[in-house]
Amino acid sequence: MDRNADAPWSKFDPEAYVDVNYRTPLDVDLLILRAMRDHFSRCFGGNVPQSVQGVDVGAGANMYPALAMLPWCEKIVLLEYAQPNVEYLERQTTGGGLDATWSAFWDVLLENPAYRGVDPAGRVAEIVRVERANLFDLGGRQRYDLGTMFFVADSMSECPQEFRRGVRCFMNTLSPGAPFAAAFMKESVGYQVGDQYFPAYRVNEERVRESLARFAAELEIHDLHQVVRKGHEGMLLVLGRRNSVVAVP
């Protein structure tokens, strides 16, 4: 059984990952983006608390969760462990560094009025920061008011205990009432990035619901049946709010 510590994270190729997954937007990602955008808009409903802090846990080489949080936050932290991904994210978040790849995703966000009037590249450079961190070390010390975790807990290990621990660590970073969005590859048997193989834990709707239910005051699970590569059976998108239960060890 391949565990998180066994995976070749130092050899993760972010440009190869972006080429396959984001350079030409996939229909399923745009579907996810619309649902996440509208969920955040409903949650804040024009009454945005002051000093909203956002987090994308395990950001990888994916900027669209951060873009979806831009209108609501005064600060967004991208937490990522793999050093090549950290360097990719740092390039994206410097002044003028946001790659044109992400324009198509921003165009989808602009369908919602909350995003109009926001300069994505300027706002990213102003409020988004990258931090190298291991998901398992978060420990609930910092609590955020808005959070995302896309293809992380299920895409780092074959171990069921590490999957559940990853979900728990993410949820423990969120303040009570915080809106969140998380996505999982359904029944993934692992994946290839460039010439490197990375492990995955096979999740389904029942396993995802079981891992999240005790943390969520609201929970919607959308079973998206689009298959984007060999070795999985679709995607699961979870939208919800953090409940008031204190951080669970």
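This is a predicted model: local features need pLDDT of at least 70, side-chain atom pairs count only at pLDDT 80 or more; totals for chains, interfaces and linings use all residues.
**Pocket**

I went for the largest pocket first, and its volume comes out at about 710 Å³. Residues are numbered from 1 along each chain as its sequence is written, and side-chain values use heavy atoms, with hydrogens and water left out.

For my own record, the search runs on a 1 Å grid over the protein atoms alone; a pocket is an open set of points where a 1.4 Å probe fits, with protein on both sides within 12 Å along at least five of seven lines, and lining residues have an atom within 4 Å of a point. Points are joined across faces, edges and corners, and the volume is the space filled by probe spheres set on them.

Which residues lie nearest the centre of the largest pocket? I found Phe12, Tyr17, Phe151, Ser155 and Tyr191 there, out of 38 lining residues. Helix H1 (14–21), strand S2 (75–80) and strand S6 (191–193) each give two or more residues to that lining. H1 has the largest share, with four residues. Helices (H or I, at least four residues) and strands (E, at least two) are DSSP runs, numbered from the N terminus.

I sorted the lining by type and got 25 nonpolar, ten polar and three charged. Here Ala, Val, Leu, Ile, Met, Phe, Trp, Tyr, Cys and Pro count as nonpolar, Asp, Glu, Lys and Arg as charged, and the others, Gly among them, as polar.

Most residues other than glycine have a negative phi. Phe151 sits in the loop between strand S4 (146–150) and helix H7 (160–171). Phe151 is buried at 13% relative accessible area (buried is under 20%, with a 1.4 Å probe and protein chains only).

Glu187 also has a positive phi of about 55° without being a glycine. I located Glu187 in the loop between strand S5 (179–185) and S6, and Glu187 is buried too, at 16%.

**Core and rings**

Of its 86 residues, Ile32, Tyr64, Leu78, Trp102, Phe150 and Phe184 touch the most other members. Helix H2 (residues 27–44) gives the most to this core, seven residues.

I counted 19 aromatic pairs in the structure (Phe, Tyr and Trp rings, the six-membered one for Trp, with centres within 6.5 Å; planes under 30 degrees apart are stacked, over 60 edge-to-face, the rest tilted). Tyr64 and Phe105 are stacked, at 5.4 Å centre to centre and 15° between the planes. Tyr64 lies in helix H3 (residues 64–69) and Phe105 in helix H5 (residues 103–109), so this pair ties together parts 41 residues apart in sequence. Tyr64 is buried at 0%, and Phe105 is buried at 0%.

Tyr64 and Phe150 form an edge-to-face pair: 5.7 Å between centres, 85° between planes. That pair links helix H3 to strand S4, 86 residues apart.

How values were computed: Buried means under 20% relative accessible area, exposed over 50%, partly exposed in between (1.4 Å probe, protein chains only). A nonpolar core is a set of buried Ala, Val, Leu, Ile, Met, Phe, Trp, Tyr and Cys residues joined through side-chain atoms within 4.5 Å.
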